[in-house]
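Please keep the sequence and the model in view while reading.

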Amino acid sequence: MRRRFNYTERKRILQENILVTLIRDNNAIKSFDAQFEIDDKKLPDNASIYIEAYHRTDLERYYFGQVGEKKIPNTDLSCFGYLENIKFRLKVVDETGKHGLILAEANGIRPSDDSDKKTQKRCILPVEFDKDLDQQVWRVDFRDRKSVV
């Protein structure tokens with residue numbers, strides 16, 4: 001049995017309570033839509049909600065308002081060079097102090113995509129085409145892999 005210590009008392013947001021959908025235009029990913037349920041009773045109303053889109057070292061943060069008053073921002077993903085394996089994380093942050101304190105989070109959220117269900121299947125080993133492989137024909141990279149015990 002794995003034990004975890006939560007010294008910061010950070011709450012976990014279940015991934016079942018978050019739905020991120022990619023929005024396509026002419027089969028190209030343009031932005032995303034996020035719907036989420038946060039337990040309002042355990043978090044202060046003035047805590048800020050952020051959704052981060054990331055892929056390896058690329059990261060973009062979107063402000064979704066506060067727990068008490070949610071907003072829908074512009075969720076344009078044009079800043080990313082490669083969008084097929086993009087993931088998301090949701091953070092609830094208390095910004096009343098000098099430094100922000102993360103109160104709750106969900107990490108590694110994979111988006112759902114309506115076009116995937118209709119036209120194509122997703123690979124179990126995502127493929128990225130990279131021109132800078134030098135003399136290599138292919139390379140397997142396990143950096144985004146979660147440990148399984």
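## Chain overview

Of the 149 residues of the chain, 34% count as buried, where buried means under 20% relative accessible area, exposed over 50% and partly exposed in between, with a 1.4 Å probe and protein chains only. The model is a predicted one, in which local features need pLDDT of at least 70 and side-chain atom pairs count only at pLDDT 80 or more, while totals for chains, interfaces and linings use all residues. Residues are numbered from 1 along each chain as its sequence is written, and side-chain values use heavy atoms, with hydrogens and water left out.

The chain has one helix and seven strands, which follow one another from the N terminus as β-β-β-β-β-β-β-α; helices (H or I, at least four residues) and strands (E, at least two) are DSSP runs numbered from the N terminus. Among contacts (heavy atoms within 4.5 Å) with a separation of 6 or more, 52% join residues 24 or more positions apart.

## The open sheet

Five strands form an open sheet in the order E1-E7-E6-E4-E5, with mixed pairing, two strands being paired if DSSP finds at least two bridges between them. E1 and E5 stand at the edges with a single partner strand each, so one side of each is left without a neighbour in the sheet. E4 and E6 run antiparallel and are joined by seven bridges, and Ser 48 stands opposite Val 93 in E6.

## The nonpolar core

The largest nonpolar core has 28 residues, of which Phe 32, Phe 36, Leu 77, Phe 88, Leu 90 and Val 92 touch the most other members; such a core is a set of buried Ala, Val, Leu, Ile, Met, Phe, Trp, Tyr and Cys residues joined through side-chain atoms within 4.5 Å. At least two residues of this core come from each of E2 (18–25), E3 (28–36), E4 (48–55), E5 (58–66), E6 (87–94) and E7 (101–109).

Leaving aside neighbours within four places in sequence, Phe 88 is in contact with residues including Val 20, Leu 22, Phe 32, Ile 51, Tyr 54, Ile 109 and Pro 111.

## The second largest pocket

Among the 13 residues that line the second largest pocket, Arg 4, Arg 10, Lys 11, Arg 12 and Glu 105 are the closest to its centre. E1 (11–12) and E7 each give two or more residues to this lining, and E7 gives the most, with three.

Technical notes: On a 1 Å grid over the protein atoms alone, a cavity is a set of points where a 1.4 Å probe fits but cannot get out, and a pocket is an open set with protein on both sides within 12 Å along at least five of seven lines; lining residues have an atom within 4 Å of a point.
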